[in-house]
Amino acid sequence: MKRHFPFAVLATAALLTIAGCGTQVVNPVSGRTERSAMSLQQEVAAGREAHQGVLKEYAVVDDARLQAYVTALGNKLAAQSHRAELEWHFTVLDSPEVNAFALPGGYVYVTRGILAYMENEADLAGVMGHEIGHVTARHGAQRATRQQNAGIGVLAATVLGAVLESRGVGGATDIAGQLSQNAAAGYIASYSREQELQADQLGAEYLARNRYDPRHMVDVIQVLKDQEQFAADQARAQGRQPQTGNNWLASHPSNEQRLQRIRDEASQLTAGQAVDENRAAFLQAIEGMVFGDSPAQGLVRGQQFLHPDLDFALTAPAGWAIQNGNDAVTVMSPQRDAALILQPVPAKAGNSHDEILRNLGAEQGRTDAKTINGLKATHFTGVRRNAQGQRGNAELTLVTSSKGAVYALIYAAKDGQALQARREGLTQAEGSFRGLNADDRKQARPWKIALRPYPAGGFAEMAKSSVLTEAQLKLLNGRYGGEAPPKPGERVKTVVAAP
């Protein structure tokens, strides 16, 4: 289980807690004096505080060599930035998300998920240069100032609380409500179009200052476009409507716009710069890195969710999707209007299922003892009171795993009608909860990045010995958009199951 609360909201809340009446600060990039909710010292303090929140939500990759490589690259870029005097911190997060972000004051994060899709050191430098640009241009402080001016500091905290509460053990959760809360959270925390474009420009500038070809910023944006296209193609193949930008992400510049702007910027910076990709060093750094979910987080393998460390598995019905989170696993209906949410129950909640139900606020209703694949379970249907004292209908099952941990399997739906319409799938998913069997453990081997010479048969041939499909291998190696294939014998990335 590896779910993250919308981190940007956490960072925003941290920033707003120290925002005062404002001060005049010289922006290191523009050289202009601007009113800011934070002084330079407060900015560093805010980043330091929010960094602790990041480490609580994300694990750090347990690979000292990879961390050292990314830190060295980050320090190299930061030394040529507009704020070289900052004490910079670069962290590789143990997450399959294709993501990178930064906090004020010099804290920059990249996930192993985004590392997997980079082609060389210059591409990674483009990602990190963009995030360094957010810091050097004080975009976080500008965002806090904008929110202070709008008087929405209280709203940020309110949205954060709403998101956390929406993930609590509850009744028939309104899925649409959860989505709207997350959209609101993202809107509060989003950078403006111009801030994103400025970070692109600064990333290109920092590449050039470090003798990387700034046109690698174009490659980075193309990776984002390919990810979007792959997700859209997969959705269509599964009969789903591709997601559109009608949420807070729509406020960001389109990738087409970003591509054109960064092409123009790179063309002005290229002259006289030596091209230095450092592809071999980059590939050596990521070889053996876990790809996708890790055993410590639980793994999604097709319709199976497998957690070897906690010794339990769950199977999603055909057509249903599994979403792996930090403290919840969600099995979502094809219509996305109902889900079974699996959450661990804290040990302090009680020693028996009856005591746990009482402490979770279960009131009048029906309680039925049963077993699920030989494991003790208790099903509850009735009324539950949440932490705020509000009452609502609830349906959930408590089950004790082979290791003695108790999990709640919560029935959630958009409304009562959706709950009844999807009940068969919900009960089927619930009934699949089990301790891992021999086949489960075989599937639960981690997937890792491996390097192979590109064969004459292309990615189709590589797919025969990989856990990824031909299309996924093209995406992994930057060829999904129809780019020319690698040369035969060139080292390329594949993903294989660990022995």
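**Strands, cores and a buried arginine**

Author: Let's begin with a pair of residues: His-379 stands opposite Thr-397 in strand 15. Please keep in mind that this is a predicted model.

Reader: How do you know that strand 14 and strand 15 pair?

Author: Pairing takes at least two bridges between two strands. Nine bridges join strand 14 to strand 15 (residues 391-400), so the pair qualifies, and the two run antiparallel. They form a hairpin with five residues between them, and Gly-389 in that turn has a positive phi of about 85°.

Reader: And what makes strand 13 and strand 14 a pair?

Author: The reasoning uses that cut-off of at least two bridges. Strand 13 (residues 362-372) is joined to strand 14 by nine bridges, again antiparallel, so these strands pair too. For example, Ala-362 has Arg-384 in strand 14 as its bridge partner. Here the hairpin has two residues between the strands, and Asn-373 in the turn has a positive phi of about 50°.

Reader: Why is strand 14 called mostly covered?

Author: Of the 11 residues in strand 14 (residues 375-385), eight are buried.

Reader: Why is Arg-434 called buried?

Author: Buried means under 20% relative accessible area. Arg-434 has 15%, so Arg-434 counts as buried. This arginine lies in the loop between helix 15 (423-431) and helix 16 (438-443). Among the residues that Arg-434 touches are Asp-311, Phe-312, Asn-373, Leu-375 and Asp-440. Arg-434 and Gly-374 are 60 residues apart in sequence, yet their C-alpha atoms are 8.1 Å apart in space.

Reader: What makes the link between the side chains of Arg-434 and Gln-304 a polar contact?

Author: A polar contact needs a pair of N or O atoms within 3.5 Å, one able to donate a hydrogen and the other to accept it. The side chains of Arg-434 and Gln-304 are joined at 2.9 Å, so the distance falls within the cut-off.

Reader: Which residues touch the most other members of the largest nonpolar core?

Author: They are Leu-66, Val-110, Leu-115, Leu-124, Phe-291 and Leu-476, in a core of 57 residues. Helix 5 (residues 121-136) gives the most to this core, with seven residues. Apart from this core lies another of 24 residues, including Ala-316, Leu-342, Ala-377 and Leu-419.

Reader: What does Leu-124 touch?

Author: Leaving out residues up to four places away in sequence, Leu-124 touches Tyr-69, Val-70, Leu-73, Leu-115, Met-118 and Phe-282.

Definitions and conventions: Residues numbered from 1 in each chain as written. Predicted model: local features only at pLDDT ≥ 70, side-chain atom pairs only at ≥ 80, totals over all residues. Heavy atoms only, no water. Core = buried A, V, L, I, M, F, W, Y, C linked by side-chain atoms within 4.5 Å. Buried < 20%, exposed > 50% of the residue type's maximum accessible area, 1.4 Å probe, protein only. Helix = DSSP H or I, 4+ residues; strand = E, 2+ residues; numbered from the N terminus. Contact = heavy atoms within 4.5 Å.
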